[in-house]
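Subject: Structure for you to look at

Hello,

Here is the structure I said I would pass on. Please open it beside this message and follow along.

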Amino acid sequence: MLVATNRNINKDNFKNGVGDEKGFGEQQNEKGSNELRFARAEKAGDKWTLALVPEPKDITPETAPSKAEFENVAKQCFTHKKNCVLYTHGYNKPFWETLEQAWLIQERYGVEVVLFSWPSNTGGFPPIEYRAARRIAQASFGALDSLLEKFSLFTKDWAIKQSEKSLLACNTTINFMAHSLGNYLFEHYVLSQAYQEETRLFTNIILSQADVNSNDHTKWVEKLVTGQRIYITINENDKILSLSENVSPPRLGKTLANLVSTKAQYFDFTQGKGVGKKHQLWGEVKNPTVKAFYDSVLNGRRGDDVAGFTYDALLKAYRIKSS
């Protein structure tokens, strides 16, 4: 699994470039919030191994560490007929937990994951910590922009080198999921001047339990450009977003109000068996319809083709059946 991060490097953890889940810390990179470093992560049992991708002194487009890494991701997907998901996490997640989340997505849905891990675990007392994490999210959109620019450029470069016959036979898709406060980071990226429709490379964009304001989400969701579809997930009983609403307006991932985007499809999981107050629907909920939805959208297929939903024309949302 490829990891891209703007967290600080715990240099003492890496011996000859190899470390474990403590390899990156909870602060921004010492060179700034836009500084990206890459590592290859593997898990065997409960043990993590992280291999830090070395950086040459003089980086050119051809020697950029990300070039070989992204081309390798494309090759792995192509060879093993897997789809790819670029995933960014939410608030209060230490680095090791972001690894666990990404690995769970990879193993549960049979995709190749590229993890963007940002320093969302600032420490301190809520709600002060929450506000600090939001400031870091705002500061981190430049790193996400750099990641998407490189990802788009280098995967396309790799594809150009393949034969026309091979490309026509390839059904691999690239998809994006932002979870919880990761959507706040994504929102600020889309609203910035840095955004140049780099999201076009994604077949599906999934805004999972978004910890962003509901009442004005169309200002940035309508700007999104994607290969095919945008999905917004909702759980009205989401416990984590309930806590966020103590200091914020209604959250997009927790309300059935303002479902007015002309580009996105809304999926309401509130009444699903086993959903309850859960926040991480794609990982915590065992309901087969929930799993089938995420399996479909993370693999570049249509969410509205999944059985177990009815469309509510009044709310303009697909709602999971309660039984």
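This is a predicted model: local features need pLDDT of at least 70, side-chain atom pairs count only at pLDDT 80 or more; totals for chains, interfaces and linings use all residues.

Twelve strands make up an open sheet with mixed pairing. Read across, the order is β3-β6-β5-β1-β8-β7-β9-β10-β11-β12-β14-β13. The edges are taken by β3 (18–19) and β13 (309–312). Each of these two has a single partner strand, so one side of each has no neighbour in the sheet.

In it, F267 stands opposite Y318 of β14. Helix α6 (residues 182–191) packs on the sheet, where it touches β7 (84–88), β8 (112–117), β9 (174–179) and β10 (204–208). The direction of α6 makes about 115° with that of β9.

Two helices

A pair of packed helices is described by the angle between the axes and the distance between them. For α2 (residues 95–109) and α10 (residues 288–298), the angle is about 95° and the axes are 10 Å apart. Angles from 65 to 115 degrees count as roughly perpendicular, so α2 is roughly perpendicular to α10. On the α2 side the contact involves I105, R108 and Y109, and on the α10 side K291, Y294, D295 and L298. Sorted by class, this contact has four nonpolar residues, three charged ones and no polar ones.

Is S66 buried or exposed? Its relative accessible area is 1%, and buried means under 20%, so S66 is buried. S66 belongs to helix α1 (residues 65–80). Setting aside residues up to four places away in sequence, S66 touches F38, K150 and F154.

S140 sits in the loop between α3 (128–139) and α4 (141–160). With 0% relative accessibility, S140 also counts as buried. Apart from neighbours within four places in sequence, S140 is in contact with N6, S33, F116, W118, P119 and L185. One of these, L185, is 45 residues away from S140 along the chain, yet the two C-alpha atoms are separated by 6.9 Å. A polar atom in the side chain of S140 also lies 2.8 Å from the backbone oxygen of I136.

Regards

Notes. Residues are numbered from 1 along each chain as its sequence is written. Side-chain values use heavy atoms; hydrogens and water are left out. Helices (H or I, at least four residues) and strands (E, at least two) are DSSP runs, numbered from the N terminus. Buried means under 20% relative accessible area, exposed over 50%, partly exposed in between (1.4 Å probe, protein chains only). Contact means heavy atoms within 4.5 Å. Two strands pair if DSSP finds at least two bridges between them. Axes are lines fitted to C-alpha atoms, for helices over the stretch in contact, and angles run from 0 to 180 degrees between N-to-C directions. A polar contact is a pair of N or O atoms within 3.5 Å; within protein, one must be able to donate a hydrogen and the other to accept it, and residues adjacent in sequence count only if both atoms are side-chain atoms. Angles under 35 degrees count as roughly parallel, over 145 as roughly antiparallel, 65 to 115 as roughly perpendicular and the rest as oblique. Ala, Val, Leu, Ile, Met, Phe, Trp, Tyr, Cys and Pro count as nonpolar, Asp, Glu, Lys and Arg as charged, and the others, Gly among them, as polar.
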